[in-house]
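Here are my notes on the model, as numbered points. Please read them with the structure open.

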Amino acid sequence: MISIDKEYQALYEIQKSKFYSFVYPVFDVEKANEIIESVRQEHKTATHVCYAYVLESPKAERMSDDGEPGGTAGKPMLELLKKKKLSNVLLIVVRYFGGIKLGAGGLVRAYTNAGNMALADAKVTQFYEVKKYRATISCDMGSKLLSLIQSLGGEIISNIFGEQAQIEFVCGDVSKIESLFPSVKICEVGSELRCQ
């Protein structure tokens, strides 16, 4: 999946109005909504909190003018993301009204400029999914298993040695671990997206 590597932000000022822009990598509607709500809470006194996002899978495009005249905020922000061929990206622009009306054309330009500023330094990158596993094995075999996982290029997330060793890890070749350690019990415990 393609997105941006991390959150970026910028500030655009025109006619005493301040436009704070934020871009985030997002991969589902729930996360996008969570971030939008968090920004709303952080900027409770803002006049408008407008947003647009594009998701790749499942395909989704959403936008909001949040009280600005129809088509002057969310739509130009969405068009900006599409023009830059970005997906899995959320763009939020928070406006603090400065007392001078910008008109429809001025608003479109302001929201587009604010979005462009936040995206200016954003690095487009590939994300990939990794599966996380938990292995349970006798303690006397635990350190050998740790060494094998690391020798296969795996990453140890955590290891707990009690009555048995419990090791959480990321590794592509689980079948090799199971063949070399027949007594190991391995179960998948989730996945996460990582940036290349």
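A polar contact here is a pair of N or O atoms within 3.5 Å; within protein, one must be able to donate a hydrogen and the other to accept it. Keep that cut-off in mind for the side-chain pair in point 6. The model is a predicted one.

1. **Overall build.** The protein has five helices and 10 strands. Its radius of gyration is 23 Å, well over the 16 Å that the globule rule gives for 196 residues, so the protein is more spread out than a compact globule. The C-alpha atoms fill a box of roughly 75 × 30 × 25 Å along the principal axes. Of the 196 residues, 42% count as buried. Look also at the contacts between residues at least 6 apart in sequence: 67% of them join residues at least 24 apart.

2. **The sheet.** In what order do the five strands of the open sheet run? The order is E2-E3-E6-E4-E5, and the pairing is antiparallel. E2 and E5 (60-64) stand at the edges with a single partner strand each, so one side of each has no neighbour in the sheet. From one strand to the next, the twist averages 15°. Two helices pack on this sheet. Helix H1 (residues 29-42) touches E3, E4, E5 and E6, and its direction makes about 165° with that of E4. H3 touches E2, E3, E4 and E6, and its direction makes about 145° with that of E2.

3. E2 and E3 run antiparallel and are joined by seven bridges. Tyr-8 stands opposite Val-23 in E3. Ile-14 has Ser-17, in E3, as its bridge partner. Two residues lie between the strands of this hairpin. Gln-15 is in that loop between E2 and E3. Gln-15 has a positive phi of about 50°, although it is not a glycine. Is Gln-15 buried or partly exposed? Its relative accessible area is 44%, so Gln-15 is partly exposed.

4. **Helix H3.** What span should the 17 residues of H3 (residues 103-119) have? At 1.5 Å a residue they should span 24 Å, and the end C-alpha atoms are 24 Å apart, which agrees. The buried residues in H3 are Gly-106, Leu-107, Ala-110, Tyr-111, Ala-114, Gly-115, Ala-118 and Leu-119. An α-helix has 3.6 residues a turn, so residues three or four places apart point the same way. The cover over the buried residues of H3 includes strands E2 (8-14), E3 (17-25), E4 (48-55) and E6 (89-96), together with helix H2 (74-83).

5. Ser-21 lies in strand E3. Its relative accessibility is 0%, so Ser-21 counts as buried. What does its side chain reach? It reaches the backbone oxygen of Ala-114, at 2.7 Å. Setting aside neighbours within four places in sequence, the contacts of Ser-21 include Tyr-8, Gln-9 and Ala-10.

6. Glu-68 lies in the loop between E5 and H2. At 8% relative accessible area, Glu-68 is buried, because the cut-off for buried is under 20%. Its side chain and that of Arg-95 are joined by a polar contact of 2.9 Å. Leaving aside neighbours within four places in sequence, Glu-68 is in contact with His-48, Cys-50, Ala-73, Arg-95, Leu-107 and Tyr-111. Leu-107 and Tyr-111 are among the buried residues of H3.

7. **Asp-66, in the loop of point 6.** Asp-66 also lies between E5 and H2. Its phi is near 45°, a positive value in a residue other than glycine. Asp-66 counts as partly exposed, at 29% relative accessibility.

8. **A cis peptide bond.** Which residues does the cis peptide bond join? The bond joins Ser-57 and Pro-58, with omega about 0°. Pro-58 is placed in the loop between E4 and E5.

Methods:
Residues are numbered from 1 along each chain as its sequence is written. This is a predicted model: local features need pLDDT of at least 70, side-chain atom pairs count only at pLDDT 80 or more; totals for chains, interfaces and linings use all residues. Side-chain values use heavy atoms; hydrogens and water are left out. Helices (H or I, at least four residues) and strands (E, at least two) are DSSP runs, numbered from the N terminus. The expected span of a helix is 1.5 Å times one less than its number of residues. Buried means under 20% relative accessible area, exposed over 50%, partly exposed in between (1.4 Å probe, protein chains only). Contact means heavy atoms within 4.5 Å. Two strands pair if DSSP finds at least two bridges between them. Axes are lines fitted to C-alpha atoms, for helices over the stretch in contact, and angles run from 0 to 180 degrees between N-to-C directions. The radius of gyration is taken over C-alpha atoms; the globule rule is 2.2 Å times the number of residues to the power 0.38.
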